[in-house]
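Look over the sequence and the structure before reading on.

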Amino acid sequence: MASSYYIYYRVRQDCVDRTREVVRAMIGRIDTLTGVKGRCLRRAEEPLLWMEIYEDVPDETAFEQALAGAVQSCEFARLLQTGAARKAERFVSCA
């Protein structure tokens, strides 16, 4: 059964443009490594709250390794608000 990942975090106001570039590159890298196409959204009422979505992930282990490598290589933590962290949730179908 394929999983879907929802990863949310708060970005620094002064890093919005840089974060957008980094997230695009990360999503592209993950697609290249795993074939999983991601997308990024931001909360309408709270524009510094972002969410990456990766659906229909067939191989959780490979995906999680690719994601961890991508996050680490770009030093993503420096783009987040003080005290913020990336929070990941994994969901599967109810059926």
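Which elements do the buried residues of α2 pack against? They pack against β1 (3–10), α1 (16–34) and β3 (46–57). The model is a predicted one.

**Helix α2**

Helix α2 covers residues 60–73. With 14 residues at 1.5 Å a residue, the helix should span 20 Å, and its end C-alpha atoms are 20 Å apart, so the two values agree.

The buried residues of α2 are Phe63, Ala66, Leu67, Ala70 and Val71. They lie on the same side of α2, because they cover an arc of only 130° around the axis. An α-helix has 3.6 residues a turn, so residues three or four places apart point the same way. On the other side of α2, Thr61, Gln65, Gln72 and Ser73 are exposed.

At the start of α2, Asp59 has a side-chain oxygen within 3.2 Å of the backbone nitrogen of Thr61. Just after the helix, Glu75 has a positive phi of about 50°.

**Residue Tyr6**

Tyr6 sits in strand β1. Is Tyr6 buried, partly exposed or exposed? Its relative accessibility is 22%, so Tyr6 counts as partly exposed; the cut-off for buried is under 20%.

Leaving aside neighbours within four places in sequence, Tyr6 is in contact with several residues, including Met51, Ile53, Lys87 and Phe91. Glu55 is also among these contacts, and its side chain makes a polar contact with the side chain of Tyr6.

| Pair | Distance |
|---|---|
| Tyr6 and Glu55, side-chain polar contact | 3.5 Å |
| Tyr6 and Gln81, C-alpha atoms, 75 residues apart along the chain | 19 Å |

Definitions and conventions:
Residues are numbered from 1 along each chain as its sequence is written. This is a predicted model: local features need pLDDT of at least 70, side-chain atom pairs count only at pLDDT 80 or more; totals for chains, interfaces and linings use all residues. Side-chain values use heavy atoms; hydrogens and water are left out. Helices (H or I, at least four residues) and strands (E, at least two) are DSSP runs, numbered from the N terminus. The expected span of a helix is 1.5 Å times one less than its number of residues. Buried means under 20% relative accessible area, exposed over 50%, partly exposed in between (1.4 Å probe, protein chains only). The arc is that of the directions from the helix axis to the C-beta atoms. Contact means heavy atoms within 4.5 Å. A polar contact is a pair of N or O atoms within 3.5 Å; within protein, one must be able to donate a hydrogen and the other to accept it, and residues adjacent in sequence count only if both atoms are side-chain atoms.
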